[in-house]
Amino acid sequence: MTVLPYLVAAWLLVVGLWGTITSRHLVQQVMCLTVVQSSTYVLLLAVGYRTGGYAPIVSSSVPPSSPFVDPIVQALALTDVVVEATVVAVLLALTVQAHKRFGTVDPDRLGELSG
Amino acid sequence: MSVRPRTVAALLALAGLAALIAWAASELTPFGTPSGPANAIVRTLVHERHAANTVNGVTYDLRGLDTLGEELILFVAALGSAVLLRHGRGEDVEQERGEDERGAARTPDALRAAGTALVGPLVVLGVYVVVHGHLSPGGGFQGGVVLAAGLLLVYAAGQVMALKRVEPTALVEVADATGALAYALVAAAGLVFATAALENFLPFGTTGNLLSAGTIPVLSVAVGVEVTGAVALILTELLDQTLLRGGE
């Protein structure tokens, strides 16, 4: 099944979006967003994977001429993780502020109480 | 929009999205046979930059400019969280002091002992991961998070009073800014000592040595300091909120 990893990424994306739409709690919504982002890790690493390839770290037992998985998508996944961490931090800070101001973390009730 | 129509609309839209992605995935290169120039990049990084860990070779050399932007994103996000969370703080300072002592008393002794014992090894591991970024798996981002976790352990061990005494907020703010500035200075130094910003201008040394790969370990350490500061700042601000709201 040569497309299975891509379908796993698609599944994570769809399930995460479903959770984001139906969630009744802001913190849970943020966690659903991290599921959406984790689909991009699976996709990036799947695109760069080579069957039988080594991790792209050269040592005395793994010479530079061996087959390697793609180091660029791994560096991109690293960027992805950092961006996710920052997004989660800011969103959680906003959640704390929303709870202070409105006294609720249900996204549907935030608007009601502000008016 | 009420809940029921929204659920139906979401189901339809997501089913359509899933079908489109599945269609797109069926046309992708089969899994396990990438078409990118992975081996050419590995050879370039090993022979021309002497970086054994080519993932960090990409991060701090080939894509060095992107990493500058990336760590500035982290810097700004840490600042943003701190500004958001500090807004309106201060009215509950008296309550906060009481919570510190009660919080410390509630923590089980076994957790406090284990947490305290783990702080030292964790800091050593974090420093190791940061400075060996060009040789083995790890680097500034990963090691920085390990180092920031040391601070979290101090909190988990119930040493909130100890944390208050060393005032980590000022320290982590300085670390955050110093790391970001150091990266920008190394980037600018490429203009002075070589021809372009972020050009690798230091001697490359021998592949596999601690002092090798030119500016890659320098940038890795700068990012490590910055990430430690940023993650610790975010954690400290969120923990302050916990302490303030602890009584509710």
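Student: Which residues have the most contacts inside the largest nonpolar core?
Tutor: This is a predicted model. Its largest nonpolar core has 76 residues. Those with the most contacts inside it are Ala78(B), Ala148(B), Tyr183(B), Ala230(B) and Val231(B).

Student: Which helix gives the largest share of this core?
Tutor: That is helix α10 of chain B, residues 215-245, with 13 residues in the core.

Student: What does Ala78(B) touch, leaving out residues up to four places away in sequence?
Tutor: Four residues are listed: Asp176(B), Ala230(B), Leu233(B) and Ile234(B).

Student: Now Val3(B). Buried or exposed?
Tutor: Exposed, because Val3(B) has 10 other C-beta atoms within 10 Å, and the cut-off for exposed is 12 or fewer. Val3(B) sits in helix α1 of chain B, residues 3-26.

Student: How far is Val3(B) from Ala157(B)?
Tutor: Their C-alpha atoms are separated by 43 Å. Along the chain, the two are 154 residues apart.

Student: Zoom out. How many helices and strands in chain B?
Tutor: Chain B has 10 helices and 0 strands. Of its 248 residues, 38% are buried.

Student: What share of chain B's contacts link residues 24 or more positions apart?
Tutor: 76%, counting contacts with a separation of 6 or more.

Student: And α7(B), what is its burial like?
Tutor: 13 of its 17 residues are buried, so α7(B) is largely enclosed by the rest of the structure. Helix α7 of chain B, residues 140-156, should span 24 Å at 1.5 Å a residue, and its end C-alpha atoms are 24 Å apart.

Student: Switch to the contact between the chains. How many residues from each?
Tutor: Chain A gives 44 residues and chain B gives 47. On the side of chain A that touches chain B, α1 (4-22), α2 (26-48) and α3 (71-102) of chain A each give two or more residues. α3(A) gives the most, with 17 residues.

Student: What kinds of residues are on that side of chain A?
Tutor: 32 nonpolar, 9 polar and 3 charged.

Student: Tell me about α3(A). How many residues, and what reach?
Tutor: α3(A) has 32 residues and reaches 46 Å from its first C-alpha to its last. That is close to the 46 Å expected at 1.5 Å a residue. Just after α3(A), Gly103(A) takes a positive phi of about 70°.

Student: Where is confidence lowest in chain B?
Tutor: In helix α5 of chain B, residues 93-106, at a mean pLDDT of 50. α1(B) is highest, at 89. Over residues 91-99 of chain B, pLDDT stays under 50. The model has 7 contacts beyond four places in sequence for that stretch.

Student: Why be careful where pLDDT is low?
Tutor: Because the predicted coordinates there should not be read in detail.

Student: What are the scores for chain B and for the model?
Tutor: Chain B has a mean pLDDT of 79, and 84% of its residues reach 70 or more. The model scores ipTM 0.81 and pTM 0.80.

Notes. Residues numbered from 1 in each chain as written. Chains lettered and ligands numbered in written order. Predicted model: local features only at pLDDT ≥ 70, side-chain atom pairs only at ≥ 80, totals over all residues. Core = buried A, V, L, I, M, F, W, Y, C linked by C-beta atoms within 7 Å. Buried ≥ 20, exposed ≤ 12 C-beta atoms within 10 Å, placed from the backbone. Helix = DSSP H or I, 4+ residues; strand = E, 2+ residues; numbered from the N terminus. Contact = placed C-beta atoms within 7 Å. Expected span 1.5 Å × (residues − 1). Nonpolar A, V, L, I, M, F, W, Y, C, P; charged D, E, K, R; others polar. pLDDT = per-residue confidence, 0-100.
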